[in-house]
Amino acid sequence: SEPLGGTTKVDRSEVDRLVSTLQGWNGNDYAAAHTPDNVKGLIGSMGAYKRKYAEARMKECTSPELKAVYEKKIAGMEANSKAMQTPEPEKVAANQAQLTAILDEAEQQLASGRPFIAGAEYT
């Protein structure tokens, strides 16, 4: 799809590279390490509700393909819930280093005179 600003002033390969880089970073790990304990309880309750809802919809499902999608989503929700409660220090440090590298690169690109990371105009 074409960016809002068109394609003439946007470096599409840079946009694709940046999107890929950001998708490789796990924001859930960052959130787990930086969320206060009292908020983690609320997030855990909301997650439990979402899992129960997804499980109920999965039971109603007649399509094997859709059921597999639900199972994968529920497994991901459970993994995120466990990670939120007890973030592993090694993962937290690696996640922080990855985020720092992403932000440092963006800062260098902007410091080199680029008005925006993906080109000459905001998209």
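Predicted model: local features only at pLDDT ≥ 70, side-chain atom pairs only at ≥ 80, totals over all residues.
Begin by selecting G113, which sits just after helix 5 and takes a positive phi of about 110°.

**Helix 5**

Select residues 89-111, which form helix 5. Helix 5 has 23 residues and reaches 32 Å from its first C-alpha to its last, a span close to the 33 Å expected at 1.5 Å a residue. Now colour N95, L99, I102, A106 and Q109, which are buried residues of this helix. What covers them?

**Helix 1 against helix 5**

To see where they touch, show the side chains of E14, R17, T21 and L22 in helix 1, which meet I102, E105 and Q109 in helix 5. Sorted by class, this contact of helix 1 with helix 5 has two nonpolar, two polar and three charged residues.

**Helix 2 against helix 5**

Next, select residues 27-34, which form helix 2. At what angle do helix 2 and helix 5 pack? The angle is about 115°, with the axes of helix 2 and helix 5 lying 9 Å apart, and the crossing of this pair is left-handed. On the helix 2 side the contact is made by D29, Y30, A33 and H34, while helix 5 brings K91, V92, N95, Q96 and L99. By class, the contact of helix 2 with helix 5 has four nonpolar, three polar and two charged residues.

**Helix 3 and helix 4**

Move on to residues 37-60, helix 3, and residues 64-85, helix 4, whose axes come within 10 Å and cross at roughly 165°. That makes helix 3 roughly antiparallel to helix 4, and the crossing of the two is left-handed. Show K40, I43, G44, K50, R51, A54, E55, R57 and M58 in helix 3, and you will find that they meet K67, Y70, E71, I74, M77, E78, S81, M84 and Q85 in helix 4. This contact of helix 3 with helix 4 has, by class, seven nonpolar, three polar and eight charged residues.

Staying with helix 3, note that it has 24 residues and reaches 35 Å from its first C-alpha to its last, close to the 34 Å expected at 1.5 Å a residue. Which residues of helix 3 are buried? They are K40, G47, R51, A54 and M58, and the buried residues of this helix pack against helix 2 and helix 4.

With 43% relative accessibility, K9 counts as partly exposed. If residues up to four places away in sequence are left aside, K9 touches A118, G119, A120 and E121. Draw a distance from K9 to E121: the two are 112 residues apart in sequence, but 6.2 Å apart in space, C-alpha to C-alpha.

Methods:
Residues numbered from 1 in each chain as written. Heavy atoms only, no water. Axes fitted to C-alpha atoms, helices over the stretch in contact; angles between N-to-C directions. Helix = DSSP H or I, 4+ residues; strand = E, 2+ residues; numbered from the N terminus. Parallel < 35°, antiparallel > 145°, perpendicular 65-115°, else oblique. Left-handed = near helix turned anticlockwise from the far one by under 90°. Contact = heavy atoms within 4.5 Å. Nonpolar A, V, L, I, M, F, W, Y, C, P; charged D, E, K, R; others polar. Expected span 1.5 Å × (residues − 1). Buried < 20%, exposed > 50% of the residue type's maximum accessible area, 1.4 Å probe, protein only.
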